Amino acid sequence: MASHIVGYPRMGPKRELKFALESFWDGKSSAEDLEKVATDLRASIWKQMADAGIKYIPSNTFSYYDQVLDTTAMLGAVPERYSWTGGEIGFSTYFSMARGNATVPAMEMTKWFDTNYHFIVPELGPNTKFSYSSHKAVNEYKEAKALGVDTVPVLIGPVSYLLLSKPAKGVEKSFALLSLLSSILPVYKEVIAELKAAGATWIQFDEPTLVLDLDSHQLAAFSAAYTELESALSGLNVLVETYFADIPAESYKTLTSLNSVTAYGFDLIRGAKTLDLVKSAGFPSGKYLFAGVVDGRNIWADDLAASLTTLESLEAIVGKDKLVVSTSCSLMHTAVDLVNETKLDSEIKSWLAFAAQKVVEVNALAKALAGQKDEAYFGANAAAQASRRSSPRVTNEEVQKAAAALRGSDHRRATNVSSRLDAQQKKLNLPVLPTTTIGSFPQTVELRRVRREYKAKKISEEEYVSAIKEEISKVVKIQEELDIDVLVHGEPERNDMVEYFGEQLSGFAFTANGWVQSYGSRCVKPPIIYGDVSRPNPMTVFWSKMAQSMTSRPMKGMLTGPVTILNWSFVRNDQPRLRLSFLLRLTFSHWLRFETCYQIALAIKKEVEDLEAGGIQVIQIDEAALREGLPLRKAEHAFYLDWAVHSFRITNCGVQDTTQIHTHMCYSNFNDIIHSIINMDADVITIENSRSDEKLLSVFREGVKYGAGIGPGVYDIHSPRIPSTEEIADRINKMLAVLDTNILWVNPDCGLKTRKYTEVKPALTNMVSATKLIRTQL
Ligand code: GLN
Ligand code: ZN
């Protein structure tokens, strides 16, 4: 029985690659220094998997920035603006594409399916020339081989590569990217030939787009591509790896009918329906099934007994020598190594498995299938699963009851939004086109130091409070001087908009090194939701009241919404399945999530009500990540949006008409979910807009009726550029062309925490002048 790992985190257990990259980018270390760190990391990962007993060990899953960008380099598809003149692509061209350089901006980055990883989007057109320009895959294969490890080289498959691309600037939006298939396959053939020559016996193509809703034309491209590669691939075992959802029946049919493909990788965690499909549709004889039973996207120890049962049922269909135990997807979406978690208590630790531990789990399952079950290891795992099920820390019956009672009802504010806005206006008395900001103000080195020292108990609570108070008062003064209408306190007490709340809610745990790559050298450290969520004490009321006491203008209370807290955390996977059995037709990840989301919603609801009781009249509940939790397949959108929007409404359905509820979202493409946004029934929404050519506004141009307040961002906060008054005025006028004057708000795209005061002050000055100018013209 064999074992396989789809891919492994590249950053290193202590983010070694991050620091090496950043030091290289800063000119503080040489290319050789960076390469040395990378080589050592790769070697230790291969060794670790080999020592664990993994049979199919991946190579070329390392990347200096991103695996899609690596493929772009392999294909030589460098956009013209980087003035690359051919030859093997080196760091300078590679990192220019990734990050931009002094004269040319970076390529666009977008989210990798429904993960928090971002890839560099290939820019292709009819004139793109392809040539074999990065030998990375072959080099890494040889490098591992020299260390005595025979690996499975991994490439992004040709069809997924094209489906994830976009037409280059100047190319028709309707350009058929798949028409480039015949141009890229010759490069793939060269790579395959070199890999074979180097001794590879297996090759893995990642084709995750196979789990999306594909039309027949797109599926035909899969058949065409792998048929075209057939002779190049002959003599090799070819694994096509899919992940992140179940594979639709049509795609399964296409995939399993390809002659050149000898093995299929399926995500059996998020793709629970694939199991039934394999059972009902049958499995081609002589082919391999790589069964992704160990979750690559979460941090929980596998329920080994349950996985073993799944594997045994597959074995009966596929055959003993053709079943390979694997991870559900690359382990790059989970944390690296539990060994470095010295602060987690041993009970919680026993429930967890990070990448390094998952490798061991995969192998233990393979051995058990082969009749060499490690009883002690399985026994310890079963004990940990049992302790997790019965631990009093996990269960809070009161919360469970309250959350269960929420289902079915609607939770809407009693009055409709236009009458609420009237009631609020009587109290708030705001000018037309009210100005506001999204919440955070620049985070200075000094502020970070204060928070760090307080956490480390190096300064007293008194010192901490007075430092934060001083910062808030500075931020309030600045806003009053700028003459902004609805103020914020600047969020100086927050490290991160999710962590801040997670730390004060029960049911959350935090790691010291549980980093997951987000893009390039950037990593995030998601909190772990391990139990029922509740709010023992108010979380923001102290600071919000303090801030409000400093000004006569309305001060927004600032909260993170339940959906965003959920989407940016590692979520539990242990809610009793029976209770939710009516939802079994839905995907796994779904029915695990919405229950927790309701619990968080109830906790935030308490906070909203405490803020209201504390005299805060405007409360913003950020749902920055609502859009990104949208499931990959359209059939599941409605259900997700239903519980996500419901969760948001739960937080604020109980407030008085005169309390104004804001929400904020970052992401420019809302057109497909605009009705859900309306259904959130917030009084005011501030929303990213400025980077998307007013795509958002086109919705209203097309006649969608929007009655609540809305503030489409008037300038991009991701860039240090200071927008001029004219430019902002122009933007506001464009909005006024499609939105009623009395619902329009004026604000930046997002929070200002990554900007400097030297950028923020002039930008906001211009924003306010532009608003005042337009007010005089109304
Ligand atoms: N209130 C948060 C801030 O201003 C919102 C951040 C976000 O939307 N990502 O920083
Ligand atoms: Zn935002």
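Predicted model: local features only at pLDDT ≥ 70, side-chain atom pairs only at ≥ 80, totals over all residues.
How many bridges join strand 10 to strand 11, and which way do the two strands run? Keep that one in mind, everyone; we will get to it in a minute. Hello, and thanks for coming.

Let's start with the whole chain. The protein chain holds 28 helices and 21 strands. Its radius of gyration is 27 Å, close to the 28 Å that the globule rule gives for 778 residues, so the chain is as compact as a globular protein of that length. If you follow the C-alpha trace along its principal axes, it spans about 75 × 60 × 50 Å. Of the 778 residues, 49% count as buried. And here is a number about how the chain folds back on itself: among contacts between residues at least 6 apart in sequence, 81% join residues at least 24 apart.

Eight strands make an open sheet with parallel pairing, and their order is 1-12-11-10-9-8-6-2. The edges are strand 1, residues 2–3, and strand 2, residues 57–59, each of which pairs on one side only.

So, back to my opening. Strand 10 covers residues 263–267 and strand 11 covers residues 288–294; five bridges join them, and they run parallel. If you want to find one of these pairs on your screen, look for alanine 263, whose bridge partner in strand 11 is tyrosine 288.

Next stop, strand 6, residues 151–156. Is this strand enclosed or open to the outside? Six of its six residues are buried, so strand 6 is largely enclosed by the rest of the structure.

Let's move to a helix. Which residues of helix 1 are buried? Helix 1 runs over residues 16–25, and its buried residues are Leu17, Ala20, Leu21 and Phe24. Looking down the helix axis, you would see these buried residues fall within an arc of 100 degrees, so they line one face of the helix. What they pack against is helix 2, residues 31–52. After helix 1 comes glycine 27, which has a positive phi, near 75 degrees.

What about the interior? In soluble globular proteins, nonpolar side chains tend to be buried together. In this model, the largest nonpolar core has 221 residues, and Leu289, Ala291 and Leu365 touch the most other members. Take alanine 291 as an example. Leaving aside neighbours within four places in sequence, its contacts include Phe266, Leu268, Leu311 and Val325.

Now a spot flagged by a record. The UniProt entry, which is unreviewed, gives the annotation "binding site" to His664, Cys666, His675, Glu688 and Cys750. Let me show you two of these. Histidine 664 sits in strand 19, residues 660–665. It is buried, because 27 other C-beta atoms lie within 10 Å, and the cut-off for buried is 20 or more. Beyond its close sequence neighbours, within four places, histidine 664 is in contact with Ile438, Gln620, Asp622, Ala624 and Thr686. Cysteine 666 is in the loop between strand 19 and helix 25. With 22 C-beta neighbours inside 10 Å, cysteine 666 counts as buried too.

Aspartate 114 has 16 C-beta neighbours inside 10 Å and so counts as partly exposed. Its C-alpha atom is separated by 23 Å from that of methionine 97, 17 residues apart along the chain. Setting aside neighbours within four places in sequence, aspartate 114 is in contact with Phe244, Pro631 and Leu632.

Technical notes: Residues numbered from 1 in each chain as written. Chains lettered and ligands numbered in written order. Buried ≥ 20, exposed ≤ 12 C-beta atoms within 10 Å, placed from the backbone. Helix = DSSP H or I, 4+ residues; strand = E, 2+ residues; numbered from the N terminus. Arc of directions from axis to C-beta. Contact = placed C-beta atoms within 7 Å. Core = buried A, V, L, I, M, F, W, Y, C linked by C-beta atoms within 7 Å. Pairing = 2+ DSSP bridges. UniProt positions renumbered as here; feature names shortened; annotations may be inferred. Rg over C-alpha atoms; globule rule 2.2 N^0.38 Å.
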